[in-house]
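Please find below a short note on the structure, written for a reader who is new to such models. Kindly keep the sequence and the 3D view open while reading.

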Amino acid sequence: MEDRYFYQPALGHGLPHDPFNAIVGPRPIGWISSRSAEGALNLAPYSFFNAFNYTPPLIGFSSQGRKDTLRNIEQTGEFVWNLATRPLAEAMNATCAPAPADVDEFALAGLTPAPSTIVGVPRVAESPVAFECKCSQIIRLQDASGAPTDGWLIMGEVVGVHIARGLLRDGVYDTAGSRTILRGGGPADYFEIDRDSLFRMRRPDYP
């Protein structure tokens with residue numbers, strides 16, 4: 001019989017580090033820029049992030065606790081997702097710092113706020129891809145019993161897309177060439193997308 005480690009999350013995992021994030025990964029990084037109603041800029045990465053719908057394009061990320069990003073989006077209804085890449089990894093990590101609400105993480109990380117086209121929140125000029133978003137839903141997450149958690153899911157409709165032209169190869173977005181980084185497990189693990197990890201499978205026809 002195969003040897004398995006089993007645990008119930010509610011009772012604790014009993015390991016040196018919670019394996020949940022490592023198993024559900026690597027995960028795309030929600031590098032979110034936002035602006036408060038008073039105009040203060042914020043930039044922060046979220047490791048619970050993904051795309052959820054084609055038409056309209058919807059993306060979402062989860063905030064563990066009521067952080068500045070969540071409060072800003074509640075106030076303005078807008079945010080921008082910025083692609084985190086290997087050359088920007090250290091700057092992205094700098095924006096993880098638990099800085100006070102009045103600290104501009106663009107300046108803290110040495111990044112340039114670039115004007116967006118539709119929303120009033122700037123994007124990261126150094127990032128090769130950005131999604132301008134209008135908030136569509138904010139949902140407080142619940143457990144299986146219906147009790148509220150300290151997590152909030154923020155959903156946004158993508159209303160504008162910026163792509164560096166160098167990542168369009170014959171009109172097709174070059175994922176492998178983007179050097180996108182992904183959040184792994186443990187307290188500090190990340191992965192980079194590269195061409196060595198690329199393989200292709202076509203969707204099969206059904207007879």
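1. Basis. The model is predicted: local features need pLDDT of at least 70, side-chain atom pairs count only at pLDDT 80 or more, and totals for chains, interfaces and linings use all residues. Residues are numbered from 1 along each chain as its sequence is written, and side-chain values use heavy atoms, with hydrogens and water left out.

2. The sheet. Strands (E, at least two residues) and helices (H or I, at least four) are DSSP runs numbered from the N terminus, and two strands pair if DSSP finds at least two bridges between them.

3. Strand pairs. Strand β1 (residues 30-35) runs antiparallel to β5, joined by 3 bridges; Ser33 stands opposite Val80 in β5. A hairpin is formed by β3 and β4, with 4 residues between them, and their antiparallel pairing covers 4 bridges. Here Asn50 has Gly60 in β4 as its bridge partner. Strand β4 also pairs with β9 in the antiparallel sense, over 7 bridges, where Ser62 stands opposite Leu153 in β9.

4. Of the 7 residues of β4, 6 are buried, so β4 is largely enclosed by the rest of the structure. Buried means under 20% relative accessible area, exposed over 50%, and partly exposed in between, with a 1.4 Å probe and protein chains only.

5. The cores. A nonpolar core is a set of buried Ala, Val, Leu, Ile, Met, Phe, Trp, Tyr and Cys residues joined through side-chain atoms within 4.5 Å. In the largest, of 17 residues, those touching the most other members include Ile59, Phe61 and Ile154. Its largest share, 3 residues, comes from β9. Beyond four places in sequence, the contacts of Ile154 (heavy atoms within 4.5 Å) include Phe61, Leu70 and Phe79. Another core, of 14 residues, lies apart, with Leu43 and Leu88 among them.
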